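Thank you all for coming. Please take a moment with the sequence and the model on the screen, and then I will walk you through a few parts of it.

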Amino acid sequence: MKMTHALSLPALAVATLLLAACAAPETGHDHGTASATQAAPTGTMGGTMGGKMGGGMMKGRMAVASLTPTQGSNVQGLVMFHQMDGHLMVHARISGLKPNAELGFHVHEVGSCASVDGTSAGGHFNPDGKPHGPPGAAHHAGDMPALKSDAQGVADQKFMLMGPTLGAGPLSVVNRSVVVHAQPDDYTTQPTGNSGARLACGVIAAH
């Protein structure tokens, strides 16, 4: 199966809804701390994600990655990035995961998901030449908190990224790729975290 850079029509519709939500006034969203939440699906992937992800009502620069499965995988979803003051807010909602699992989750260097195994995305996004590691220690700019799926195989998480941006320059994640891996990230093995095969890939597109 060959993946493309373009958003699918359902994902594009969801992204349009999200953009409309971003234009509304911000209401009660706390950006002071990173958070991670999980929720079971309540319908189709597009409808569920549009409702849950559109509720953030954030303003400013936005980018979206529509994740499509690699060969033999059923993992798919959306990852939204919002530029805030000094950090990115990230909201990922991904389905088709192994239930009750922890999986590696990274921004990769190359904005290509053309290969059937996701390897066209290259290695982790690492403009500063740092070692791979966990949040709170030295780490790649593309090292993100692990995905944690619920009993239905859905991960619904929000967190902050410090350093990467959506603006121009070497720290921008726009036109790079988001990759979901098959195994937990040990945050020790260099440079990958030993997180296994790539289950889904999506190019980050500015909106």
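What you see here is a predicted model, and I would like to begin with the cysteines, where the count comes to one disulfide. That disulfide joins cysteine 113 to cysteine 201, with a sulfur-to-sulfur distance of 2.0 Å, and it links distant parts of the chain, since cysteine 113 lies in the loop between strand 6 and strand 7, whereas cysteine 201 belongs to strand 10, 88 residues apart. For anyone new to the term, a disulfide is a covalent bond between the sulfur atoms of two cysteines.

Is cysteine 113 buried or exposed? Cysteine 113 counts as buried, because its relative accessibility is 0%, and cysteine 201 is buried too, with a relative accessible area of 1%. Alanine 114, which sits in the loop between strand 6 and strand 7, has a relative accessibility of 32% and therefore counts as partly exposed. The C-alpha atoms of alanine 114 and cysteine 201 are separated by 9.2 Å, although these two residues are 87 apart along the chain.

Let me stay with that loop for a moment, because histidine 132 is also found there, between strand 6, residues 105-108, and strand 7, residues 147-148, and it counts as buried at 3% relative accessibility. With which residue does the side chain of histidine 132 make a polar contact? Its partner is the side chain of aspartate 185, at 2.8 Å.

From there I would like to turn to strand 10, residues 198-206, which pairs with strand 2 in the antiparallel sense over five bridges. Strand 2 itself, residues 62-69, is mostly covered, with seven of its eight residues buried. Strand 2 is also joined by six bridges to strand 3, residues 76-84, and these two strands run antiparallel. Strand 2 and strand 3 form a hairpin with six residues between them, and in the turn you can find glycine 72, which has a positive phi of about 85°.

How values were computed:
Residues numbered from 1 in each chain as written. Predicted model: local features only at pLDDT ≥ 70, side-chain atom pairs only at ≥ 80, totals over all residues. Heavy atoms only, no water. Helix = DSSP H or I, 4+ residues; strand = E, 2+ residues; numbered from the N terminus. Buried < 20%, exposed > 50% of the residue type's maximum accessible area, 1.4 Å probe, protein only. Polar contact = N/O pair within 3.5 Å; in protein donor to acceptor, adjacent residues only side chain to side chain. Pairing = 2+ DSSP bridges. Disulfide = S-S within 2.5 Å.
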